[in-house]
Amino acid sequence: MSAYIVADIDITDPEAYEQYKPLASAAIEKYGARPLARGGDVETAEGDWKPKRFVILEFPSMEQLRKFYDSPEYVKARTIRQQASKSNLIFVKGV
């Protein structure tokens with residue numbers, strides 16, 4: 001069953017964030033994820049939520065998602081992201 005990472009990222013240090021992108025992309029590819037949305041235009045339909053950089057990644061399973069998230073490759077990237085942005089991130093199990 002598919003699983004998803006959904007993230008709302010407010011980039012606070014664009015220069016440092018550029019270092020994150022290639023590291024994250026390599027880890028995403030290695031762990032079999034498929035980007036469904038990645039920083040495109042966001043239109044709020046209801047409520048006050050105004051995401052900055054919105055990302056949805058699809059993984060083959062929750063197990064594979066967790067392997068990615070905890071992998072040495074992504075931990076390195078994640079550290080950079082956390083220093084260069086404020087993020088809200090959730091894991092969602094598909095139906």
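Ala7 is buried, with a relative accessible area of 4%; buried means under 20% relative accessible area, exposed over 50%, and partly exposed in between, with a 1.4 Å probe and protein chains only. Ala7 belongs to strand E1 (residues 3-11). The model is predicted: local features need pLDDT of at least 70, side-chain atom pairs count only at pLDDT 80 or more, and totals for chains, interfaces and linings use all residues. Residues are numbered from 1 along each chain as its sequence is written, and side-chain values use heavy atoms, with hydrogens and water left out.

Setting aside neighbours within four places in sequence, the contacts of Ala7 are Arg53, Phe54, Val55, Asn88 and Leu89. Contact here means heavy atoms within 4.5 Å. Tyr17 is ten residues from Ala7 along the chain, and the C-alpha atoms of the two are separated by 15 Å.

A second residue to look at is Glu18, in helix H1 (residues 14-30). Glu18 is partly exposed, with a relative accessible area of 46%. Between Glu18 and Ile80 there are 62 residues in sequence, but 9.4 Å in space, C-alpha to C-alpha.

These two residues sit in a chain with three helices and four strands. Helices (H or I, at least four residues) and strands (E, at least two) are DSSP runs, numbered from the N terminus. The order of the elements from the N terminus is β-α-β-β-α-α-β. Of the contacts in the protein chain between residues at least 6 apart in sequence, 76% join residues at least 24 apart.

For the overall dimensions, the C-alpha trace spans about 35 × 35 × 15 Å along its principal axes. A compact globule of 95 residues would have a radius of gyration near 12 Å, and the protein chain, at 13 Å, agrees with this. That radius is taken over C-alpha atoms, and the globule rule is 2.2 Å times the number of residues to the power 0.38.

Of the 95 residues in the protein chain, 37% are buried. The protein chain carries 14 positive and 14 negative side chains, and the centres of the two sets lie 5 Å apart. Lys and Arg count as positive and Asp and Glu as negative, while His and the chain ends are not counted. The place of a charge is NZ of Lys, CZ of Arg, CG of Asp or CD of Glu.

Last comes confidence, given as pLDDT, the predictor's confidence in each residue from 0 to 100. The mean pLDDT of the protein chain is 96, and 100% of its residues reach 70 or more.
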